[in-house]
Amino acid sequence: NGLDESKIKDKNELKEICELTGIDQSVLERAFSFRTVEAKQEKVSTTLNVAQAYYARDALAKNLYSRLFCWLVTRINESIKAQSKVRKKVMGVLDIYGFEIFEDNSFEQFIINYCNEKLQQIFIELTLKEEQEEYIREGIEWTHIEYFNNAIICDLIENHQNGILAMLDEECLRPGAVTDETFLDKLNQVCATHQHFESRMSKCSRFLNDTSLPHCCFRIQHYAGKVMYQVEGFVDKNNDLLYRDLSQAMWKASHSLIKALFPEGNPVKINLKRPPTAGCQFKVSVATLMRNLQTKNPNYIRCI
């Protein structure tokens, strides 16, 4: 019929996966090669091309790992939590990945560095700012410490209307041809005048001849230094969608844990609403962490 198709090359690998997860081989094979699109009361089944099938396979692997990891953490927390109903003081350890600057920086480094910006903001608010305000209240003499407030960088990334994450979500959700290049074009329009955003193609002419900044990249001046991000893969990594056919295939597993990890696969609970993007989920997770830290008294251990 002129449409691109994909087939699984090695059926032995598929058989092994199905034996481990307790899924019928024909069900999973179809879910890797077809996608069902639902609109109102209609269902349309389309074939996946090779690139889409690779994407579906990777999305399932990442979801399976992520959900199993979360299940394990929840299970451990349930088993070690204090049984007493009397509220007591708690001590928690936040072991966070550090600021990342690699030769090639992508979406993963971008969101990790965003989290580090937020932690730096907490450090400024709770430690430097509050300590010095306390000195003023108590009339203690001290040498005032000048510090850079990185709220402007956090806003560049997380602003609801024109932050980089909002622009990325907007690109992922809009109809029409969406690519990493169209995302960068949007950034070049919206963030061009921001003092911590740099791009070769932005309206800010001072970067026009900057050969250290390729056309397919943008640079952010973080509190810890400048980082250049390659836009390739930003849109796909942010979408990170698990096709409904694969969720439903996993829900049909005879393995009770696998089935429980994919509740949205239950045909009775079909939700046509688009799931939140990876960037959106990470932003919500960071906000929850920040609220938690704001209610605590932090101490810092500098690791070398």
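**View 1. Residues around the centre of the second largest pocket.** In this predicted model, 28 residues line the second largest pocket, and Leu94, Ile96, Asn299, Tyr300 and Ile301 lie nearest its centre. Helix 4 and helix 11 are the elements that give two or more residues to this lining. Helix 4 supplies the largest share, 5 residues.

**View 2. Space and residue classes in the second largest pocket.** The second largest pocket holds about 1300 Å³ of space. Its lining is made up of 18 nonpolar, 7 polar and 3 charged residues.

**View 3. Centre of the largest pocket.** The volume of the largest pocket is about 1900 Å³. It is lined by 39 residues, and those closest to its centre are Asn63, Asn239, Asp240, Leu241 and Gln281.

**View 4. Elements that line the largest pocket.** Two or more lining residues come from each of strand 1 (34–39), helix 3 (50–80), helix 4 (107–138), helix 8 (234–239), helix 9 (244–251) and helix 11 (278–294). Helix 3 contributes the most to the lining of the largest pocket, with 10 residues. Sorted by class, the lining of the largest pocket has 19 nonpolar, 8 polar and 12 charged residues.

View 5. The largest pocket lies between domain 1 (11–78 + 242–272) and domain 2 (107–236 + 283–295), because both domains give residues to its lining.

Technical notes. Residues are numbered from 1 along each chain as its sequence is written. This is a predicted model: local features need pLDDT of at least 70, side-chain atom pairs count only at pLDDT 80 or more; totals for chains, interfaces and linings use all residues. Side-chain values use heavy atoms; hydrogens and water are left out. On a 1 Å grid over the protein atoms alone, a cavity is a set of points where a 1.4 Å probe fits but cannot get out, and a pocket is an open set with protein on both sides within 12 Å along at least five of seven lines; lining residues have an atom within 4 Å of a point. Grid points are joined across faces, edges and corners, and a volume is the space filled by probe spheres set on the points. Helices (H or I, at least four residues) and strands (E, at least two) are DSSP runs, numbered from the N terminus. Ala, Val, Leu, Ile, Met, Phe, Trp, Tyr, Cys and Pro count as nonpolar, Asp, Glu, Lys and Arg as charged, and the others, Gly among them, as polar. Domain bounds come from an automatic or database domain assignment.
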